[in-house]
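Visitor: I have a model open here and would like to talk it through. Could you start me off with the interior?

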Amino acid sequence: MKAFKISLAVAFVAVIGFFAVKSLVTIGEKGDYEPPINQFTEKLNCEIDTVLPKMPDSNFCPEKYAEIKWLISTWHKENRLGKDKLDTLGNRLSKEFFESNLYAAYAHKFYNQAFYVFDRNEWNPDDLNFIRSEYQTLQKSSFLQAGSRVAKKFDEIRQIFAKYDEINVFIASCKNFGYSGTSLSDRFPVSEVQGKIQQTANYRNNWGKSYVNNCTRLHDGLREAPQLLFQAHVRYLDKKIDEWTGLYSNYHSQKEYKELFYDKLKAEIDRLDSSAYNVGDDTVDREYQRLKNKLDTDSRDAYNYFSNKQSNL
């Protein structure tokens, strides 16, 4: 019985020892476990604690991160991270120690590099693509602790991209906006366009302290949105007038042509309101007059047609 109790106690201590060792490997807590000192661990300490933090914030350094990860993996496989080649436990613990500290060091450096981009006016699309891909990859790491400072930094990056993407999608919707209906009963959706113009103003007036306020490309896109929407309205009117021009012979008289066609399209042209689009009176007046001239040309042709028809009776 005494021997059994001793065995049980030894087993209990072993279990405690196992979980104690596992608890040592916590992100960034280098004080919990110190690898033995040798040329390989000293090299890794230097790379992680000195070389990586000194990399410039103005340039991303995934290659350096990958290089140090490779050194850790290679030297671990060669059993070079323990006290000697027989120290398999120390070799494994050192590997986990360096991997966790490398992750913490690189995550901090990456955050600084990302915000070097966000703090600038020119947001290079290639830089943004890298930041988006890299932070999403780093978020999947088993070393990331929920609620940690690193996790909060990644969430800040996520929020910046969410707002950036939202505004970009809106700008694209303005660039691609159009209305294809050309029947005489169709009407350009002016109320929808006015809603977009109001949204443009809302974005520009409510940047607050958001980092997207730094991005010149977003400012330019929002500033151009009313002009793009105005041009969509003009294209619609051009297409509609072109489609119905020369069809006055379908009407029984000049009066019927005027009431059922000319007056309706003239009313639509009159809806080109400079105050709605805020693109400048000169631009609106120029397009208004051009469209009205097209319609008036058809009206004159219709008048001549009906006059000749009447004279031939």
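Guide: This is a predicted model, and its largest nonpolar core has 77 residues, among which Phe118, Phe154, Ile157 and Tyr277 have the most contacts inside the core. The largest share of this core comes from α4, which supplies 14 residues.

Visitor: What does Phe154 touch?

Guide: Leaving aside residues up to four places away in sequence, Phe154 touches Tyr103, Ala107, Phe110, Tyr135, Leu138, Gln139 and Leu144. As general background, nonpolar side chains tend to be buried together in soluble globular proteins.

Visitor: Switching to pockets, what volume does the largest pocket have?

Guide: The largest pocket has a volume of about 290 Å³, and the elements that give two or more residues to its lining are α4 (88–118) and α6 (149–175). Of these, α4 gives the most, with seven residues.

Visitor: And which residues lie nearest its centre?

Guide: Of the 17 residues that line the largest pocket, Ala104, Ala105, His108, Arg149 and Val150 lie nearest the centre. By class, the lining of the largest pocket divides into ten nonpolar, four polar and three charged residues.

Visitor: What lines the second largest pocket?

Guide: The second largest pocket, with a volume of about 150 Å³, is lined by Ile197, Thr200, Ala201, Arg204, Leu222, Arg223, Pro226, Gln227, Asn278 and Val279. Both α7 (190–205) and α8 (216–244) supply at least two residues of this lining, which comprises five nonpolar, three polar and two charged residues.

Visitor: You listed Asn278 there; where is Asn278 found, and is it buried or exposed?

Guide: Asn278 is found in the loop between α10 (274–277) and α11, and it counts as exposed because its relative accessibility is 67%, where the cut-off for exposed is over 50%. Asn278 also has a positive phi of about 55 degrees, although it is not a glycine. Most residues other than glycine have a negative phi.

Visitor: Which loop holds Asn79?

Guide: Asn79 lies in the loop between α3 (62–77) and α4, and its phi, near 55 degrees, is likewise a positive value in a residue other than glycine. With a relative accessible area of 28%, Asn79 is partly exposed.

Visitor: One last thing, where does α9 bend?

Guide: Helix α9, residues 254–269, bends by about 35 degrees at Tyr262. Tyr262 is itself among the buried residues of α9, which also include Tyr257, Phe261 and Leu265, and what covers the buried residues of this helix includes α8 and α11 (281–311).

Notes. Residues numbered from 1 in each chain as written. Predicted model: local features only at pLDDT ≥ 70, side-chain atom pairs only at ≥ 80, totals over all residues. Heavy atoms only, no water. 1 Å grid on protein atoms, 1.4 Å probe; cavity = no way out; pocket = protein on both sides within 12 Å on 5 of 7 lines; lining within 4 Å. Points joined across faces, edges and corners; volume = space filled by probe spheres on them. Helix = DSSP H or I, 4+ residues; strand = E, 2+ residues; numbered from the N terminus. Nonpolar A, V, L, I, M, F, W, Y, C, P; charged D, E, K, R; others polar. Core = buried A, V, L, I, M, F, W, Y, C linked by side-chain atoms within 4.5 Å. Buried < 20%, exposed > 50% of the residue type's maximum accessible area, 1.4 Å probe, protein only. Contact = heavy atoms within 4.5 Å. Bend = angle between axes of the 7 residues up to and from the residue.
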